[in-house]
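Keep the structure open as you read.

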Amino acid sequence: MTVNTLSIIKADDWHLHLRDGEALEAVIGHTAKQFARAVVMPNLKPPVTTVALAQAYQSRIEQAMIKAGIPAGSFTPLMTLYLTDNTSPDEIVRAKETGAAVAVKLYPAGATTNSDAGATDLLGRCSTVLETMQRVGLPLLVHGEVTDPSVDVFDREALFIDRVMIPLRKAFPALRVVFEHLTTKDGVDYVRDAEGPVAATLTPQHMLYNRNVIFQGGVRPHYYCLPILKREVHRQALLDAATSDSPRFFLGTDSAPHSKGLKENACGCAGCYTALHAMELYATAFDQAGKLDRLEAFASLRGPDFYGLPRNTETITLQRGSFVIPNELAFGKETIVPLAAGETLGWKFC
Ligand code: NCD
Ligand code: ZN
């Protein structure tokens with residue numbers, strides 16, 4: 001039987017880039033419409049490295065919400081700290097005690113957008129901080145790619161498992177770890193079978209596309225993100241994981257806005273913009289797999305369960321129907337191109 005309407009508990013986005021200033025004001029309304037909460041990534045310039053900076057950033061997000069006319073209390077930004085070689089254990093304790101941050105994000109130095117200040121030697125220089133996080137129960141969110149320039153860009157996640165993830169989790173077995181924006185079958189196998197508190201977020205683009213889409217008819221920068229899209233076998237493994245019974249795989253869009261000019265560029269930025277139509281994209285992927293009945297667990301239940309937060313109570317409705325993704329959206333003085341611009345999706349968020 002074809003399902004034409006899908007009502008589920010309102011979802012949360014466990015991996016989101018909101019930026020700051022005009023960009024923040026341009027994008028906040030999209031996420032606040034689709035999601036009740038979002039884990040906001042700290043890779044601003046300069047990065048959000050302290051409780052004070054996280055609190056200040058959260059206030060700017062709240063100001064942007066007011067300016068955008070988003071009803072107070074309808075959306076909650078959950079803040080994160082950016083791990084550096086100099087993060088202090090006291091800051092971790094303060095983050096936990098005040099609730100100013102729900103997690104700490106690891107950007108291996110040089111891995112992606114604004115990662116220059118990231119950790120250079122996780123198990124060496126950050127070990128006291130990791131021990132403190134393990135003790136107080138603050139999760140580590142991991143950008144899981146090695147940065148070794150001799151490693152092929154398509155192999156960087158798989159190698160990260162052996163070089164960083166396994167030693168890290170052996171040293172800190174009770175540390176809560178989220179393998180962010182997982183993109184490979186290797187990653188899926190690791191997260192599914194590992195012992196202890198480990199989970200992963202999955203983006204819509206990695207579930208919908210393989211790497212061919214980046215080169216279809218010419219180079220297409222709006223399909224370029226990090227970690228980069230992989231082969232079909234990996235896409236299939238991610239879709240299988242998302243639609244499985246495992247509680248370890250949940251929604252994180254990694255919506256990462258960059259202006260059209262910075263994407264359509266000789267050295268284009270990495271990131272796909274999906275905040276506008278995230279639930280429609282996920283519904284399309286789940287529908288293609290014949291697993292729409294699994295969308296609610298993936299989008300709305302497993303994330304809060306992992307973070308130890310209450311599930312949302314409000315419901316949302318997705319309806320079957322044609323939704324043409326706009327070619328461009330306003331983005332401060334510039335514009336932004338959403339993922340799959342101009343294409344038609346079979347689901348609409350009501
Ligand atoms: C992100 C960004 O632009 O901030 N880009 C991306 O391609 N995902 C950074 C990140 O999450 O790697
Ligand atoms: Zn990200």
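Is Arg19 buried or exposed? Arg19 counts as buried, because its relative accessibility is 14%. Buried here means under 20% relative accessible area, exposed means over 50%, and partly exposed is in between (1.4 Å probe, protein chains only). Arg19 sits in the loop between β2 and α1 (21-34). Its phi is near 60°, a positive value in a residue other than glycine.

A word on conventions. This is a predicted model, in which local features need pLDDT of at least 70 and side-chain atom pairs count only at pLDDT 80 or more, while totals for chains, interfaces and linings use all residues. Residues are numbered from 1 along each chain as its sequence is written, chains are lettered from A and ligands numbered from 1 in the order in which they are written, and side-chain values use heavy atoms, with hydrogens and water left out. Helices (H or I, at least four residues) and strands (E, at least two) are DSSP runs, numbered from the N terminus.

Now turn to the metal. The zinc ion (ligand 2) has three protein donor residues: His15 (NE2), His17 (NE2) and Asp254 (OD), at 2.0 to 2.1 Å. Donors are N, O and S atoms within 2.8 Å of the metal (3.2 Å for Na, K and Ca); water is not among the atoms, so sites may look incomplete. In sequence, these donor residues follow the spacing H-x1-H-x236-D. The site links distant parts of the chain: His15 is in strand β2 (residues 11-16), and Asp254 is in the loop between β9 (249-251) and α10 (260-263), 239 residues apart. His15 is buried, at 1% relative accessible area. Asp254 is buried too, at 5%.

Why is the arrangement around the zinc ion (ligand 2) irregular? The 4 donor atoms subtend angles of 92 to 144°, which makes it so. Four donors count as tetrahedral if all angles lie between 85 and 135 degrees; four count as square planar and six as octahedral if opposite donors are over 155 degrees apart and all others between 65 and 115; anything else is irregular.

Asp254 also faces ligand 1. A polar side-chain atom of Asp254 lies 2.7 Å from a nitrogen atom of ligand 1. His17 contributes as well, with a side-chain N or O atom 3.1 Å from an oxygen atom of ligand 1. Thr113 places a polar side-chain atom 3.1 Å from an oxygen atom of ligand 1. Taken alone, ligand 1 exposes 320 Å², and the protein buries 100% of that. These areas come from the Shrake-Rupley method with a 1.4 Å probe; for residues, only the protein chains shown count as cover.

Two cis peptide bonds deserve a look. One joins Leu226 and Pro227, with omega about -10°. Pro227 is in the loop between α8 (204-208) and α9 (232-242). Another joins Lys45 and Pro46, with omega about -5°.

Trp14 and Phe250 form an edge-to-face aromatic pair, 6.3 Å centre to centre with 75° between the planes. Rings of Phe, Tyr and Trp (its six-membered ring) pair if their centres lie within 6.5 Å; planes under 30 degrees apart count as stacked, over 60 as edge-to-face and the rest as tilted. Trp14 lies in strand β2 and Phe250 in strand β9, so the pair ties together parts 236 residues apart in sequence. Trp14 is buried at 1% relative accessibility, and Phe250 at 0%. Ring pairs link Trp14, Phe250, Phe306 and Tyr307 into a cluster.

Definitions and conventions. Polar contact = N/O pair within 3.5 Å; in protein donor to acceptor, adjacent residues only side chain to side chain.
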